Amino acid sequence: MKIKNVLLIGFSSFFMLACSSSPEEHAKKNEDDTGMAWAEGITCPENWEQFVNEFISICFPKEWESDASGLMGSELVLKFVISDTLPDGREIHPNLNIMKQPVYELVELGVNNLDEFAEFNKKQLLNFLEDCEIQSFEHVQLSETDSYHIVLRATQMETLMYFDMYMVKSKKYYFSITFTASAAHADENLDSAREIIKTLRFS
């Protein structure tokens, strides 16, 4: 199941252990992208940075670092610079993970619209995540675009995690935008993550 594997690989990247990164390399990847004329005119809040490629534009404050290296198949990962320390001493970074999947590939699996994509993702989450508890699942607007929003808690690597996911369809791709943090500390960065998500635009 090709698409199933893509989705599950994406979720394995959500649990981000504290590690070194190279912002210069990530910024270079953004500068090298082409086909970004569609995003001209998009403005960000003052002192925020902007990531743009041919598919998405998103703004974020300096407290978040961007990684567009394709980590675990992601289009973009935004990582909060301060990590949370777990009781066992491990450190994890709250993060936003943006993934895209071609419409034509999902059609082959019987997914023909956003409603079916949302249901498909929900089933994958229930099957993959341990002790998965869905707290809400609803049809909403995201950046003036139809979207589904799902909030859940689940165990990953023996840690209770919080997931806040939006699902969107553009002309050629489905997108999953997920904020992930340890459940114990999710509230500390959730408002910031949702403000970032509100700036997201699709080509």
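Lys 100 is partly exposed, with a relative accessible area of 23%, where partly exposed covers the range between buried (under 20% relative accessible area) and exposed (over 50%), computed with a 1.4 Å probe on protein chains only. The model is a predicted one, in which local features need pLDDT of at least 70 and side-chain atom pairs count only at pLDDT 80 or more, while totals for chains, interfaces and linings use all residues. Residues are numbered from 1 along each chain as its sequence is written, and side-chain values use heavy atoms, with hydrogens and water left out.

**Salt bridges**

The partner of Lys 100 in a salt bridge is Glu 75, with 2.7 Å between the closest N and O atoms; the term stands for a side-chain nitrogen of Lys or Arg within 4 Å of a carboxyl oxygen of Asp or Glu. Because Lys 100 belongs to strand 7 (residues 95-102) and Glu 75 to the loop between strand 3 (64-67) and strand 4 (76-80), the pair ties together parts that are 25 residues apart in sequence. Helices (H or I, at least four residues) and strands (E, at least two) are DSSP runs, numbered from the N terminus. Glu 75 itself is buried, at a relative accessible area of 13%.

By this rule the structure has 5 salt bridges, and the table gives some of them.

| Pair | Closest N to O |
|---|---|
| Lys 100 and Glu 75 | 2.7 Å |
| Asp 164 and Arg 194 | 2.5 Å |

Asp 164 and Arg 194 form a salt bridge that links distant parts of the chain, since Asp 164 sits in strand 10 (residues 159-169) and Arg 194 in helix 5 (residues 187-198), 30 residues apart. Asp 164 counts as buried at 1% relative accessibility, whereas Arg 194, at 28%, counts as partly exposed.

Lys 122 and Glu 119, by contrast, are both in helix 4 (residues 114-128), 3 residues apart, and about one helical turn separates them. Glu 119 is partly exposed, with a relative accessible area of 32%.

**The disulfide**

A search of the whole structure finds 1 disulfide, defined as a pair of cysteine sulfur atoms within 2.5 Å. Cys 44 and Cys 59 are the residues joined, with an S to S distance of 1.9 Å. The torsion about their S-S bond is about -65°, so the disulfide is left-handed. Cys 44 lies in the loop between helix 2 (23-32) and strand 1 (49-52), and Cys 59 in strand 2 (residues 56-60), so that the pair links distant parts of the chain, 15 residues apart. Cys 44 is partly exposed at 23% relative accessible area, whereas Cys 59 is buried at 1%.
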